Amino acid sequence: MDLAYSPPYQQFRQEVQDFLEKHRQLWPPRSSLGKPSAAMKNWQALLIEQGYTARTIPAEYGGYGGEPDILKSRIIAEEFTRAGAPGGLAGQGVSMLVPTLLEMGSEEQKKHWIPRTLSGEVLWCQGYSEPGAGSDLASLQTRATEDGEDFIINGQKIWTSTAHEADMIFCLVRTEPDAPRHQGISYLLFSMDTPGIEVRPLQTMTGLAEFNEVFFTDVRVPMHSIVGERGQGWQVANATLKHERGMLGDPDIAATRLNAIVQLMQEETVDGTRLMENPLLRDRLLQLQSRVLAMQFNGLRLLTAQIQGADPGIARLIVKLQGCELNHQLAALAIDALGELGILYQDSPRLRNKGAWQRSYMFDLGLIIGGGTAQIQKNIISEIGLGMPREPKPAAASGGAR
Amino acid sequence: MEFALSEEQLMMQDSVTRYLADRATLDTVRGLIAAGPVHDAGLWSGLAGLGICGLLVPQEYGGAGMTLLDAMLVQEVLGRHVVPVSFIPTSVLAPLALLAAGTAEQKQKWLPAIAEGRMQVAVGLSEACGARDGAGVTVAGAKLSGRALFVLGAADAAITLLCSSEGDVYAVEQGAAGLERTSLRSIDDTQCLGELNLHDVTAELLPAGEEDVIPRLLDAGRVMLAADILGAAQKMLELAVAYSLERKQFNRLIGSFQAVKHLCAEMAAELEPCRSLVWYAAHAYDAVPEESRLMACHAKAHLAEVGRFVARSSTEVHGGMGFTDLLGLHYWFKRIGCNRQLLGGPERVREEAARVQGWI
Ligand SMILES: Cc1cc2nc3c(=O)[nH]c(=O)nc-3n(C[C@H](O)[C@H](O)[C@H](O)COP(=O)(O)OP(=O)(O)OC[C@H]3O[C@@H](n4cnc5c(N)ncnc54)[C@H](O)[C@@H]3O)c2cc1C
């Protein structure tokens with residue numbers, strides 16, 4: 001147990017702090033996951049040049065080309081959080097497709113797509129879920145049939161985040177309908193401008209259309225746009241899901257949010273008394289603080305395991321479940337503490353924090369569901385973590401939960 | 001930067017575990033406490049043989065000179081095996097009190113005996129975190145009077161360390177005139193608790209103390225109780241999973257029912273981050289003192305909550321069997337329930353955490 005950073009790392013931390021301070025005027029305004037602004041793209045380019053994002057991605061693919069150094073990555077994350085500075089691009093392209101291509105893509109795919117994705121030039125969406133295939137993703141039905149050098153795609157995707165803005169899609173389709181479920185799927189990359197694609201935004205509970213339905217009618221896609229082998233799409237997708245789950249439930253977000261609630265409860269008053277004076281609200285705050293701390297230290301433990309190449313076991317499997325739930329509970333406390341002020345939304349007078357608490361409360365419920373629901377996480381924890389029996393498979397369809 | 005246990009720490013935990021797996025089986029423990037709460041001298045001398053009793057005693061006094069993190073790791077194993085020995089008062093609180101406030105002579109008198117496992121010490125801290133039934137100890141002319149409740153440690157402890165209402169630590173000897181000890185019987189017979197009534201009892205002040213001797217002792221005690229819950233709760237989770245893989249109903253292992261799987265997953269998801277929290281709190285006690293009070297409060301409060309959840313959920317997974325004495329699951333259930341209240345229940349401890357942070 002040694003939580004000190006050695007001098008070279010302390011110096012690195014200082015460099016990151018200095019950089020952030022010096023370039024404060026270049027910080028782009030925080031944006032949602034859609035198309036990056038020009039300011040964001042410039043910031044991204046600067047961060048790559050410094051090695052503060054895309055750090056270990058080879059320079060020939062548009063990354064910084066640094067040696068993997070988990071501690072430096074951690075320091076970068078810590079300092080950006082501490083300063084409240086916007087990090088690099090983190091859409092589904094950067095967070096999910098790029099690692100997947102690095103692991104499974106052809107040289108040509110890497111050279112072509114990774115630089116454009118990292119720079120923010122190309123925005124991606126993830127076409128996995130279908131109306132009939134959510135948790136049971138392997139039952140997906142979107143068909144791709146062979147026609148000369150091309151696939152012809154027919155079917156429908158749903159819950160496809162940012163599809164209405166995206167340039168490209170990484171998409172799961174069934175190429176081998178007669179093969180066993182998990183062996184008939186292929187992973188394709190194609191343009192959202194391809195004729196035959198129709199995107200219908202789906203209004204969500206937050207009031208923003210964060211995701212969409214995507215319809216494919218005779219969409220013609222060259223066969224070489226496949227990642228990995230034909231029929232291997234399930235394995236390729238699982239590589240992506242691994243990266244998605246790593247992204248959800250980050251305890252640093254919970255810590256930032258906790259600090260914001262502490263401030264809120266110290267500043268806001270009811271009947272002229274600070275909210276912090278209310279013992280019930282305070283006790284809830286402290287219970288959540290215990291959880292945030294536990295998850296942060298769990299994160300340090302995972303980090304050490306990663307450095308040592310050790311398997312952290314259950315400590316890793318629980319992060320998505322516990323982290324997303326914790327964020328949701330934090331937003332719930334902020335709303336309860338604000339009481340009637342907490343229900344204000346949109347552009348209402350007296351709105352607090354631009355309505356972020358309600359938006360987080362709702363959006364976090366989406367994150368509890370998306371990327372493998374809480375129940376699916378519990379299946380994984382009990383089956384993989386605790387060695388309990390897998391779900392018995394009904395005759396028709398089941399298993400292979402995402 | 002390394003947030004993990006060292007080889008030596010793992011080896012030490014392993015050696016205590018191996019010793020207890022043979023010597024402190026559930027049947028043994030059951031037999032030892034059949035007649036009520038005890039501190040078992042036999043197990044204690046075995047632990048002394050492993051060098052555990054003097055873990056926190058500096059080497060110059062015959063101990064191992066280790067840190068609270070090491071002691072925490074031992075306590076986790078003791079909790080896991082519901083061992084009826086008074087490690088926390090004798091081997092943790094007493095050495096820490098003597099090191100913080102004892103004179104050279106007092107240290108010389110007591111620390112070597114503690115390290116060798118020859119001496120038991122009881123410690124009364126309850127009044128420092130909420131006096132019940134009008135308890136409290138006052139000093140007049142170097143003599144102690146009053147009452148101390150929930151004193152931790154063996155009934156026949158050679159000395160008892162008590163805190164006075166002024167915040168000083170005193171040692172009173174077993175059998176001193178005017179001292180009367182009654183055992184308090186809790187749900188958990190693996191831990192000894194006493195009530196001391198004092199009438200002008202001759203006592204020895206531990207004079208060298210800084211202002212925060214008693215709060216520091218509370219921090220250490222809370223981390224240790226959290227560690228005990230961690231070990232006990234981990235064992236209860238493992239027992240639940242194991243039982244679910246043996247017991248069949250409706251021609252299926254009950255562990256294949258999703259309701260049971262999810263309950264076990266929830267226990268694991270709640271408990272696993274606790275391990276890191278307790279590690280950090282124990283580490284902070286020595287290495288990051290400015291955070292130690294806050295972390296001790298959180299470790300104690302959070303483990304109390306998670307421990308209670310695991311204790312009842314594991315019992316439920318066992319069905320009627322979980323409720324019986326036959327299986328003995330209740331020993332862990334009760335140990336967790338007892339630890340939850342000692343040195344401050346979660347609500348009280350969280351209130352202290354709010355104060356430490358200047359929130360109120
Ligand atoms: C905000 C948000 C963004 C998303 N973005 C994308 C995206 O960009 N691309 C994409 O492809 N998908 C996306 N999704 C889809 C997401 O992955 C699915 O919603 C999720 O996998 C669940 O599938 P479902 O909605 O069909 O629910 P279902 O699978 O129908 O689940 C309904 C309920 O049944 C439970 N359930 C299902 N199977 C089991 C089981 N085996 N055991 C126990 N309980 C079970 C679930 O836990 C849930 O409570 C997004 C979802 C959300 C909410």
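This is a predicted model: local features need pLDDT of at least 70, side-chain atom pairs count only at pLDDT 80 or more; totals for chains, interfaces and linings use all residues.
Me: What is chain B built from, in helices and strands?
Reply: Chain B holds 12 helices and 10 strands. Its radius of gyration is 20 Å, close to the 21 Å that the globule rule gives for 360 residues, so chain B is as compact as a globular protein of that length. Taken along the principal axes, the C-alpha atoms of chain B fill a box of roughly 75 × 45 × 40 Å.

Me: What share of its contacts joins residues at least 24 apart?
Reply: If you take the contacts in chain B between residues at least 6 apart in sequence, 74% of them join residues at least 24 apart.

Me: Let's look at α1 of chain B. How many residues does it have, and how far does it reach?
Reply: Helix α1 of chain B covers residues 7–23, which is 17 residues, and from its first C-alpha to its last it reaches 24 Å, close to the 24 Å expected at 1.5 Å a residue.

Me: Which of its residues are buried?
Reply: The buried residues of α1(B) are Gln9(B), Met12(B), Gln13(B), Val16(B), Tyr19(B) and Leu20(B). Seen down the helix axis, these fall within an arc of 130°, so they line one face of α1(B). An α-helix has 3.6 residues a turn, so residues three or four places apart point the same way.

Me: What does that face pack against, and what is exposed on the other side?
Reply: The buried residues of α1(B) pack against α3 (41–49) and α4 (68–80) of chain B, while on the other side Glu7(B), Met11(B), Arg18(B) and Asp22(B) are exposed.

Me: Switching to chain A, how is it divided into domains?
Reply: Chain A is divided into domain 1 (9–89), domain 2 (124–230) and domain 3 (249–385). The centres of domain 1 and domain 2 of chain A, taken over C-alpha atoms, are separated by 32 Å.

Me: Where is Gly127(A), and is it buried or exposed?
Reply: Gly127(A) lies in strand β1 of chain A, residues 124–127, and it counts as buried because its relative accessibility is 0%.

Me: What is it in contact with, beyond its neighbours in sequence?
Reply: Leaving aside neighbours within four places in sequence, Gly127(A) is in contact with Lys157(A), Thr160(A), Ile169(A), Phe170(A), Cys171(A) and Leu172(A). Leu172(A) is 45 residues from Gly127(A) in sequence, yet their C-alpha atoms are 6.3 Å apart in space.

Conventions:
Residues are numbered from 1 along each chain as its sequence is written. Chains are lettered from A and ligands numbered from 1 in the order in which they are written. Side-chain values use heavy atoms; hydrogens and water are left out. Helices (H or I, at least four residues) and strands (E, at least two) are DSSP runs, numbered from the N terminus. Buried means under 20% relative accessible area, exposed over 50%, partly exposed in between (1.4 Å probe, protein chains only). Contact means heavy atoms within 4.5 Å. The expected span of a helix is 1.5 Å times one less than its number of residues. The arc is that of the directions from the helix axis to the C-beta atoms. Domain bounds come from an automatic or database domain assignment. The radius of gyration is taken over C-alpha atoms; the globule rule is 2.2 Å times the number of residues to the power 0.38.
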